[in-house]
Amino acid sequence: MISVMFVCLGNICRSPMAEFVFKDMVCRRGLEGCFHIASAATSMEEVGNPVHRGTREKLRQYGISTEGKRAEVLERTDYDRYDYLLGMESRNLMNMKRILGGDPENKIYRLLDFSDRPRDIADPWYTGNFDVTYEDIREGCEAFLQWLENHGRI
Ligand code: 4NP
């Protein structure tokens, strides 16, 4: 079983989008039994709130539901509970390392560092553009899954 935690600032826009896109992707490949997938925030700002409407509506276009998801905050104990902790942008990684107490086992990555074009995923909470976020997240999730395959993890 591979445990994957997606992380962003608020856990209402990007990291829940990554959580449910990646869940859908592994299901389509019949790999759902191989993964435990979750998402969390580095800030307390949105804790308990449902997924942002922009993310919900974008995912609905692809038949993906985020039903039941509420924003939660990343905790120090998550470092032991997860194999991969994937942030959306460089600033997330800085905050993740602060919360998790560093990264002695090299489990923390930026999602698009798995792609051919490493970069941050812009925050749609500020940009309002959930289309670009979706394309970036899909690219990152596909690249991560490919990386796991290439490294014999699945
Ligand atoms: P997210 O977007 O990190 O992609 O979930 C944000 C959501 C809420 C806030 C910032 C970013 N906020 O400041 O409340």
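I count a residue as near a molecule if one of its heavy atoms lies within 4 Å of it. The model I am reading is predicted, so I kept to its limits: local features need pLDDT of at least 70, side-chain atom pairs count only at pLDDT 80 or more, and totals for chains, interfaces and linings use all residues. Residues are numbered from 1 along each chain as its sequence is written, and side-chain values use heavy atoms, with hydrogens and water left out.

**Entry 1: the ligand**

I looked up the residues around the ligand and found Cys8, Leu9, Gly10, Asn11, Ile12, Cys13, Arg14, Glu45, Glu46, Asp123 and Trp125. I then looked for polar contacts (pairs of N or O atoms within 3.5 Å). A polar backbone atom of Gly10 is 2.8 Å from an oxygen atom of the ligand, a polar side-chain atom of Glu46 lies 2.9 Å from a ligand oxygen, and for an N or O atom in the side chain of Asp123 the distance to an oxygen atom of the ligand is 3.0 Å. Taken alone the ligand exposes 350 Å², of which the protein buries 95%; I note that these areas come from the Shrake-Rupley method with a 1.4 Å probe.

**Entry 2: Tyr79**

I placed Tyr79 in helix 3, residues 78-81, where helices are DSSP runs of H or I with at least four residues, numbered from the N terminus. Is Tyr79 buried or exposed? Tyr79 counts as buried because its relative accessibility is 5%, the classes being buried under 20% relative accessible area, exposed over 50% and partly exposed in between, with a 1.4 Å probe and protein chains only. Leaving aside neighbours within four places in sequence, I found Tyr79 in contact (heavy atoms within 4.5 Å) with residues including Leu85, Leu100, Pro104, Glu105 and Ile108. A polar atom of the Tyr79 side chain lies 2.8 Å from the backbone nitrogen of Glu105.

**Entry 3: aromatic pairs**

I paired rings of Phe, Tyr and Trp (its six-membered ring) if their centres lie within 6.5 Å, with planes under 30 degrees apart counted as stacked, over 60 as edge-to-face and the rest as tilted. The structure holds 13 such aromatic pairs. The pair of Tyr109 and Phe114 is tilted, because the ring centres are 5.0 Å apart and the planes are at 40°; Tyr109 is partly exposed at 23%, whereas Phe114 is buried at 13%. Phe144 and Trp147 form a stacked pair, 6.5 Å centre to centre with 15° between the planes. Phe144 and Trp147 are separated by about one helical turn because they are three residues apart in helix 6, residues 130-150.

How values were computed
Polar contact = N/O pair within 3.5 Å; in protein donor to acceptor, adjacent residues only side chain to side chain. Helix = DSSP H or I, 4+ residues; strand = E, 2+ residues; numbered from the N terminus.
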